[in-house]
Amino acid sequence: MARTTTRLVVKIGTSSLTGGTPALQRPRMLELVQQIARIHAHGIEIILVTSGAQAAGRELWAFRRLTGRCRPSRCSARWGKAG
């Protein structure tokens with residue numbers, strides 16, 4: 001009996017979102033979203049998991065100064081999730 005896939009979990013790491021640079025690469029992100037949208041158009045539910053919160057937080061640091069006590073990796077993740 002053949003089993004039909006209706007749900008797909010996609011994990012995209014920080015390096016895939018940044019291309020190895022300190023900042024998010026929006027053209028790369030757009031390409032990934034377009035690929036996911038094509039899969040979704042075939043009726044497959046997509047669950048996207050990413051570790052890109054730290055990269056998003058690092059980008060915000062260029063515009064804001066952090067206050068308080070927080071390790072850089074945790075602060076950047078918090079800022080990335082809030083941004």
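This is a short tour of one predicted chain, from its overall fold down to a few side chains.

**Ground rules**

The model is predicted, so local features need pLDDT of at least 70 and side-chain atom pairs count only at pLDDT 80 or more, while totals for chains, interfaces and linings use all residues. Residues are numbered from 1 along each chain as its sequence is written, and side-chain values use heavy atoms, with hydrogens and water left out.

**The overall picture**

The chain has four helices and two strands. Read from the N terminus, the order is β-α-α-β-α-α. Helices here are DSSP runs of H or I with at least four residues, strands are runs of E with at least two, and both are numbered from the N terminus.

Of the 83 residues in the chain, 27% are buried. For that label, buried means under 20% relative accessible area, exposed means over 50%, and partly exposed is in between, with a 1.4 Å probe and protein chains only. The chain exposes about 6500 Å², with carbon and sulfur atoms supplying 56% of it. Those areas come from the Shrake-Rupley method with a 1.4 Å probe, and for residues only the protein chains shown count as cover.

Contacts (heavy atoms within 4.5 Å) also say something about the fold. Take the ones between residues at least 6 apart in sequence: 57% of these join residues at least 24 apart.

**The core**

The largest nonpolar core has 10 residues: V10, I12, L17, L24, L32, I36, I44, I46, A55 and A56. Three elements, β1 (7-12), α2 (26-41) and α3 (53-61), each give at least two residues to this core. A core of this kind is a set of buried Ala, Val, Leu, Ile, Met, Phe, Trp, Tyr and Cys residues joined through side-chain atoms within 4.5 Å.

V10 is a handy place to start looking. Setting aside residues up to four places away in sequence, V10 touches I36, I46, I47, L48 and V49.

**Where the strands meet the surface**

V49 sits in strand β2 (residues 45-50). Again leaving out neighbours within four places in sequence, V49 is in contact with V9, V10, K11 and I12. V49 is partly exposed, because its relative accessible area is 37%. Together with V9 and I47, V49 makes a nonpolar surface patch of about 230 Å². Patches use residues with over 30% relative accessible area and no salt bridge, joining like charges within 9 Å and nonpolar side chains (Val, Leu, Ile, Met, Phe, Trp, Tyr) within 5 Å.

**Salt bridges**

The whole structure holds two salt bridges, each being a side-chain nitrogen of Lys or Arg within 4 Å of a carboxyl oxygen of Asp or Glu. In one, E45 pairs with R7, and their closest N and O atoms are 3.0 Å apart. E45 is in strand β2 and R7 in strand β1, so this pair ties together parts that are 38 residues apart in sequence. E45 is partly exposed at 38% relative accessibility. Beyond its near sequence neighbours (up to four places away), R7 touches I44, E45 and I47.

The other bridge joins E31 and R28, with closest N and O atoms 2.9 Å apart. These two are three residues apart in helix α2, so about one helical turn separates them. Both ends are partly exposed: E31 has a relative accessible area of 37%, and R28 has 32%.

**T18 and T21**

T18 lies in helix α1 and is buried, with a relative accessible area of 3%. T21 is in the loop between α1 (14-18) and α2, and counts as partly exposed at 32% relative accessibility.

| Pair | Separation in sequence | C-alpha to C-alpha distance |
|---|---|---|
| R7 and I46 | 39 residues | 5.9 Å |
| V49 and G13 | 36 residues | 8.3 Å |
| T21 and A55 | 34 residues | 9.3 Å |
| T18 and A56 | 38 residues | 9.4 Å |
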